[in-house]
Amino acid sequence: MNYDLKEICKDIRCDIMTCIGHLGVGHIGGCLSVVEALAVLYFKEMHIDPKQPQMPGRDRFICSKGHAGPAVYATLANRGYFDKKELLTLNQGGTNLPSHCDMNRTIGIDMTTGSLGQGFSCAVGVALGSKLEKDGATIYAMIGDGESQEGQIWEAAMFAASKKLDNLIAFTDYNKMQIDGTVAEVNDIAPLAEKWAAFGWNVIDVEDGNDVEQVEQAVEHAKLGLGSGKPTMIILNTLKGCGVQWIVDLGTANHNTNVSEEQAAAAIREIRGED
Amino acid sequence: MEMRAVYAACLAEMMENDKHVVVLDADLSKASGTLALYKRFPEQMFDCGVAEQNMASIAAGLSSYGFKPWIESFTPFATRRICDQVAISISYAKRNVKVVGTDPGIAAELNGGTHMSMEDIGVIRSIPGMVIFEPVDEVQLRAAMPVLNAYEGPVYMRLFRKELPVVFGEDYKFDLFKADTLKEGKDLSIFVSGMLTADVVEASRLLAAEGIDAEVINVHTIKPIDRETVIASARKTGAVLTVENHNVIGGLQSAVLEALAAEKIPVCAVGVEDRFGEVGKLPYLREAMGLTVENIVAGARKALSLK
């Protein structure tokens with residue numbers, strides 16, 4: 001089935017706004033910046049079946065920046081893993097949709113993440129597992145740019161290249177912002193493409209990681225690297241808060257911020273182009 | 001036989017029988033006794049290099065793919081260094097990963113204070129979901145390995161690498177969650193884990209010569225502690241001594257005290273008195289840390305005097 005990915009991105013963004021607006025607070029900026037990548041993976045590229053979330057040999061996605069959980073949940077709900085109504089339970093006591101991804105609670109979540117750096121190593125372990133099982137799966141992972149300051153990211157990078165895990169395609173959500181300031185101010189990770197190349201990875205630099213066509217092309221290009229002996233890093237130059245202007249305008253304050261239901265409703269109109 | 005040789009032989013048997021058993025190292029396979037297994041099981045042995053955090057989380061990822069990973073390093077690097085990875089990637093995520101720390105406490109000898117974990121049990125014991133097992137001798141280790149492998153959940157094993165006096169007979173029956181009574185007695189209960197168990201057995205003979213009838217119980221699984229056996233023995237004898245190659249804070253004494261919190265029974269301890277390790281050979285370190293048979297005897301007398 002061919003989906004209209006631009007429309008899917010709008011749907012995911014609206015659902016992120018709805019669930020975080022309903023709750024009143026959340027990691028809104030870094031949820032909105034990864035939407036295009038999620039749409040491309042779950043609605044085009046991944047070999048998955050929402051009716052069989054544990055299907056052997058399925059492609060897997062590990063969101064190492066676990067605080068983007070609400071974006072993943074919105075994507076899973078749109079893809080039919082669970083009812084969209086469940087999104088309104090985000091972070092409520094007893095919910096199956098906690099702030100950070102939890103494989104034991106949420107249908108469709110392949111790994112528990114949230115302590116930064118660890119999910120990426122887990123993804124490398126999953127990629128190794130798939131190689132050992134020879135099941136042909138492709139393993140996708142998403143890391144944050146602030147997260148890339150964790151030493152464990154580079155331990156995992158070294159191991160994945162060393163073990164030739166070319167079934168691993170990772171993304172960096174390079175939105176250039178973290179909690180305490182810009183990434184460049186706090187502890188610069190530049191030059192990022194050169195670092196990944198030096199660690200032995202194929203690197204694809206996407207000029208606009210919030211342009212769904214560019215992301216789609218990058219993943220298609222990355223898939224050509226399956227079998228190349230190298231894992232691939234797709235650097236997505238993104239905008240933190242993308243899609244909702246007032247959230248973008250908050251700058252580094254948009255990492256985890258209050259969102260009222262009225263603000264969410266206005267944001268949804270903005271995303272739908274109704275204003 | 002060295003404990004690591006038994007450990008490696010058990011791993012080899014498990015890997016032979018089950019392709020999903022995998023072992024991950026952080027550049028210490030030689031020390032762990034598993035180096036020779038790399039040639040025999042190239043698709044089940046992985047050296048992550050000096051990167052323990054990555055090793056722990058990779059194991060969690062492998063476990064999500066149906067593998068049964070064992071990760072190994074020296075005790076401080078398998079616990080305090082990767083505490084968050086053990087807590088989150090492994091236990092919080094309910095991953096079936098076995099964490100093996102070698103050279104516990106004073107066993108690190110010439111590597112000295114930096115490599116000497118006096119706190120590893122305390123670190124791991126406070127993480128929900130973790131089981132902590134410390135073998136006494138090769139008989140218990142051999143009996144435990146398949147049980148640990150079959151147990152679906154995270155376990156930390158605190159493994160002395162070299163030779164240890166054999167305490168258990170060949171007819172030994174192992175239960176992961178049941179403490180072993182080595183000697184019944186009526187005057188006091190001595191609870192011990194790991195390498196000091198043989199010393200406690202020796203101390204109990206010296207105590208018997210003084211007319212003191214000590215009950216000796218090996219608490220091989222420190223978490224979850226066998227409360228039933230601990231409480232029943234303590235109630236029977238009315239005095240308790242704990243003996244451990246670990247800080248007296250957070251380890252066996254703490255676990256026993258927690259089990260006995262509602263009992264009015266005196267508890268004394270022989271263990272490392274809240275200090276770091278230092279370099280030296282075992283005889284020196286036993287003296288320096290007070291982990292001697294004489295101290296165990298003295299500790300028993302003290303516990304008795306508090307009855």
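A:K134 sits out in the open: with 8 other C-beta atoms within 10 Å, this lysine counts as exposed (12 or fewer such neighbours means exposed, 20 or more buried, anything in between partly exposed, with C-beta atoms placed from the backbone). The model is predicted, so local features need pLDDT of at least 70 and side-chain atom pairs pLDDT 80 or more, while totals for chains, interfaces and linings use all residues. Residues are numbered from 1 along each chain as its sequence is written, and chains are lettered from A and ligands numbered from 1 in the order in which they are written.

A:K134 lies in the loop between α5 (118-133) and β3 (139-144) of chain A (helices are DSSP runs of H or I with at least four residues, strands runs of E with at least two, numbered from the N terminus). Its phi is near 50°, a positive value in a residue other than glycine. In chain B, B:E109 also has a positive phi, of about 40°, and counts as partly exposed, with 17 C-beta neighbours inside 10 Å.

Then there are the cis peptide bonds. One joins A:A190 and A:P191, with omega about -5°; another joins B:K223 and B:P224, with omega about -10°. Most peptide bonds, by contrast, are trans.

B:V23, in strand β1 (residues 21-25) of chain B, is buried, with 27 C-beta neighbours inside 10 Å. Leaving aside neighbours within four places in sequence, its contacts (C-beta atoms, placed from the backbone, within 7 Å) include B:L11, B:W70 and B:E72.

Conventions
Two residues are in contact if their C-beta atoms, placed from the backbone, lie within 7 Å.
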